[in-house]
Amino acid sequence: MSQPLSMSGVSIDLKLTAGRFAVVRDVDLSVGAGEIVCLVGESGSGKTITALAAMRLLPRVARMRSASVVIDGTETRDMSDKAFGALLGDRVSIVFQNPMSSLNPVLTIGEQLCEAYLTHKRGSRAEAEARAIDLLERVGVSAAADRMRQYPHQLSGGLRQRVMIALAFMCEPALVIGDEPTTALDVTMQAQTLRLLKDLARDTGIGLLLITHDLGVVSRMADRVVVMYAGRVVEEGTCDEIFAHPIHPYTRGLVDCAPAHATSGGFLSIPGEVPALSANPVGCDFRNRCPSARADCHREPPMRQESTRRWRCVMDRETAQAAPTPARAALEAEG
Amino acid sequence: MKSVLEVENVTRSFAVRGQDGKPKTVQALRGVTLAVGANESVGIAGESGCGKSTLAKIMLGLDTPTSGEVRLDGAVLSGGSTRAFAREVQPIFQDPLGSLNPRRTVEQNVRLPLDAMRIGTARERAVRALDLMSKVGLPERYRHTYPSQLSGGQAQRVAIARALTPQPRVLVCDEPTSALDTSVQAQILNLLLAMRPETGISLVFITHDLIVLERMCERVVVMYLGEVVETGPTADVLAAPRHPYTRMLWRSSLTPEPGADLPPAEPGNAITPDPANIPSGCAFRTRCRHATDLCAAEAPAPRRFGNVTVACHYAAA
Amino acid sequence: MTMTNPSDRAGNPTLSPRQLMVMRAVGHKGFIIGAVVTALYVLMAVAAPLIAPFDPLDQNLLAKLAPPVWQDGGSWQHPLGTDSLGRDYLSRLIFGARISIMIGFFAALVSAIVGTSIGLLGGYFGGRVDALVMYIVNVKLAMPGLLVALALVSAFGSSFVTLVIILSLLFWDRYAIVVRTLTQQFRNQDFVLAARAAGASTTRILFRELLPNLMNAVIVVLTLEMALAIVIEAALSFLGLGVRPPNPSWGLMISEGRQYMFFRPHLVIAPGIAILGLVIAINVLGDGFRDIAAPEDRR
């Protein structure tokens, strides 16, 4: 079985009124079969736009500079938009954050699910419906047969999101991308939906790329974690490695700041802010906030690699792990 | 202890038109009693449909309850006396950029309560605005900028500065950090924590995030579908939650623990019933794995267990 | 997709919304063209006494219907010839700009004030106030505007002030509807709630919180309605119900020139082009402004 996703050298520019900005730089990202990979970062990290780029869903002001995007074994770099359209929904599908606007309000749930299937597969309507009902039940939508005849507005936000997940799985894709799929949901519904998504991914053996900023979610979903900061990948490792032994100072900071149970004490944060977008960023983007910053951080930091771990820093593993964490109980956003 | 702000047995219903065009009644609040003392931090935990935002508006004087009383310093207030509320109770909303007037500068936004209530001279108001801007950590060079030039965290600081200008005694925060990045969240929460001893202000902190609430609030009130299901000192309630909903909420608050699993699947698809169609008896029974016929027949009365009050037929000590 | 707000490396806040708008304006061809042409017309109107070669009311019956410079017998003394009373046509054309622009602008302004106020009240208060507002708007929409204008002019005459008032009655509903809809959207936003919680009086909320946020939309409608007002004034004058002779309204000039159309076609074409040019310029300007003044959401 081929690898669901392999992206390398992805760079994306944005052309805005205020100028041209490099918003994603040189990102390598892959998802293996049966693997759950979490792409973590805060807003401004470029995680969402990277995933959108993989699916050619970029906004018009964005330009991806030639990169290799291999989906389910097929190199898509030189594919026409029309040929690529055949892949969307069939080999790769995406679950968006907002359940309100992702479903067509004038079609029933059943119609939308079946349409997805019939567009890409050669099968009868009956087969499509049977599969739809099966998937709806597996994502925890009770009375699935009845739900098929309902319209999106008759369902609550949480149920709509589950329908979106079922929709993503209809054509048995190799890769499912979830862009903060549960962030807009209530927290109890979020936990339930994640559970269903995880079970479904494991059962079907697909690759799941989950984009999130929530480390709690990451720790319970991910096999592998890719951390992004200011448009670049700064660290990658297995879930256990990242949480127990983070290397890059930013990852250290993130892990330290994620609130654990405590009844008192302030909240930790990494002082400073994500650097502004610019056309030609130079050196390590984290150096303004890094307690270990030194002179050579003004030059491009190398991507270091040790078996399954990768990190983009001038420090080697021992130095980085012994260095102080950037997390502070700080109040000030900036000096 | 004398409370600064209290609501007693407050209900609020809305008459709306359903999707089928027929009128229906949404019961946002069904008898909530809550008191906030001086220099106290009370957390209101709940998800959508529990009525927390409606409660917030009532506490701010922006809405009038259908029945029940709102009291400020013991005196009963009606929703019409916005000025009495405005001097003592101020809001922080969830969407930082949406809560600022996009066509006014930061300074003008911060000064709003003083300008609106004509407190002090123009010069005094400007001084106070700058003073508060620095207290919330916003550099002076942002004075004449517009909200669209600010990040979410900066905008929320402006909102906090604005709320503090009239020196209120209660700050009602409705999910103040939910729309912010984690590290910015931490900064804002630390700011609120640091402010308390300095100003003696009370906090009503509405959130669905029990992990944050644990550290911010001495007391917690858990709400579900317009009612209080459990309340008490935060440490006591969260150490051993008695109400099944509190337990569910607690388990769903995911701390980073690699290897830990997600909470178990729940019956009822985790759907909160429509507030226009609240289940009979105990409203939570449709999602509760321990529900019995009694739960459908009778609404549970609140019972005390030490410092904690719970509304469940089967809550045990 | 969220993006961090661009700020420079020193952490200073970036371009203000006003600066961004100016940047967009400079890059928008339509806006620039519309603005320049409209400005030229306005300049022409303002400087009329300085640039017009003759007094527009000066009759010279010995030189009536003189040909324009491009026909036989024409001269540069009267580049556009003269009309049936020997008045220099070019001067009349230049002074005509004053009438069109003044009437158009004031009519649009008055209806903006009336319509915006009505829309604000209906949108903010809802309920019975809004029902009343919508009732009035619907009544207005049901009326055949131009016919009513004609009837009113016949009844009340056509002095400058009367014309402005009558024309403004034709347009206020567009403002009312736009403002009402926008107000309904804004009134539920958190910053309005925050203003109420800050103790702001209703008047303050309407005029200092809501109105500034509506101004861009109102200005767009204003420019477009002004163009319409100019056309309707010309139409009324053409029908003899607008500006009275001997005033040089372009519509009136077209009407007066009709009888001589076959051998002095420019008498009809020149004012026609003048109207066309101004109206198109204002329309393009208004469209451009709408593009530029897009909401500032950078979230």
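1. A residue counts as buried under 20% relative accessible area, as exposed over 50%, and as partly exposed in between. By that rule C:Val42, at 35% relative accessibility, is partly exposed. C:Val42 is found in helix H2 of chain C. The model under discussion is a predicted one, and the remarks below should be read accordingly.

2. Along the principal axes, the C-alpha atoms of chain C fill a box of roughly 75 × 55 × 30 Å. The chain has 299 residues, and 48% of them count as buried. Among the contacts in chain C with a separation of 6 or more, 72% are made by residues 24 or more positions apart.

3. In chain A, attention is drawn to helix H6, which covers residues 157-169. At 1.5 Å a residue, its 13 residues should span 18 Å; the end C-alpha atoms are 19 Å apart, which agrees. How far is H6(A) enclosed by the rest of the structure? Of its 13 residues, 13 are buried, so the helix is largely enclosed.

4. Aromatic rings form a further topic. The count over all chains comes to 11 aromatic pairs. In one of them, the rings of B:Tyr224 and B:Phe284 have their centres 5.0 Å apart and their planes at 90°, so this pair is edge-to-face. B:Tyr224 belongs to strand E9 (residues 219-224) of chain B, while B:Phe284 lies in the loop between helix H9 (244-252) and helix H10 (293-297) of chain B; the pair therefore ties together parts that are 60 residues apart in sequence. Both B:Tyr224 and B:Phe284 are buried.

5. A pair in chain C is also edge-to-face, because the rings of C:Tyr41 and C:Trp250 have planes at 70°, with their centres 6.2 Å apart. C:Tyr41 lies in helix H2 (residues 29-46) of chain C and C:Trp250 in helix H10 (residues 250-257) of chain C, so the pair ties together parts 209 residues apart in sequence. C:Tyr41 is buried, with a relative accessible area of 13%, and C:Trp250 is buried with 1%. In chain A, one aromatic cluster is formed by A:Tyr229, A:Tyr250 and A:Phe286.

6. Helix H3 of chain B (residues 106-117) is mostly covered, with 11 of its 12 residues buried. The buried residues include B:Val106, B:Glu107, B:Arg111, B:Asp115 and B:Met117. What covers the buried residues of H3(B)? Within chain B, the cover includes helix H2 (82-88), helix H4 (122-135) and helix H5 (152-164). From chain C, the cover includes helix H8 (190-197) and helix H9 (202-238). H3(B) is followed by B:Arg118, which has a positive phi near 50°.

7. B:Asp73 is not a glycine, yet its phi is positive, at about 55°. B:Asp73 is placed in the loop between strand E4 (67-72) and strand E5 (75-77) of chain B, and is partly exposed, with a relative accessible area of 34%. B:Leu225, likewise a residue other than glycine, has a positive phi near 45°. Its place is in the loop between E9 and strand E10 (227-233) of chain B. Is B:Leu225 buried or exposed? B:Leu225 is buried, with a relative accessible area of 1%.

8. A last point concerns a peptide bond in chain C. The bond from C:Pro245 to C:Pro246 is cis, with omega near 10°. C:Pro246 is found in the loop between H9 and H10 of chain C.

Methods. Residues numbered from 1 in each chain as written. Chains lettered and ligands numbered in written order. Predicted model: local features only at pLDDT ≥ 70, side-chain atom pairs only at ≥ 80, totals over all residues. Heavy atoms only, no water. Buried < 20%, exposed > 50% of the residue type's maximum accessible area, 1.4 Å probe, protein only. Contact = heavy atoms within 4.5 Å. Helix = DSSP H or I, 4+ residues; strand = E, 2+ residues; numbered from the N terminus. Expected span 1.5 Å × (residues − 1). Phe/Tyr/Trp six-rings, centres within 6.5 Å; stacked < 30°, edge-to-face > 60°.
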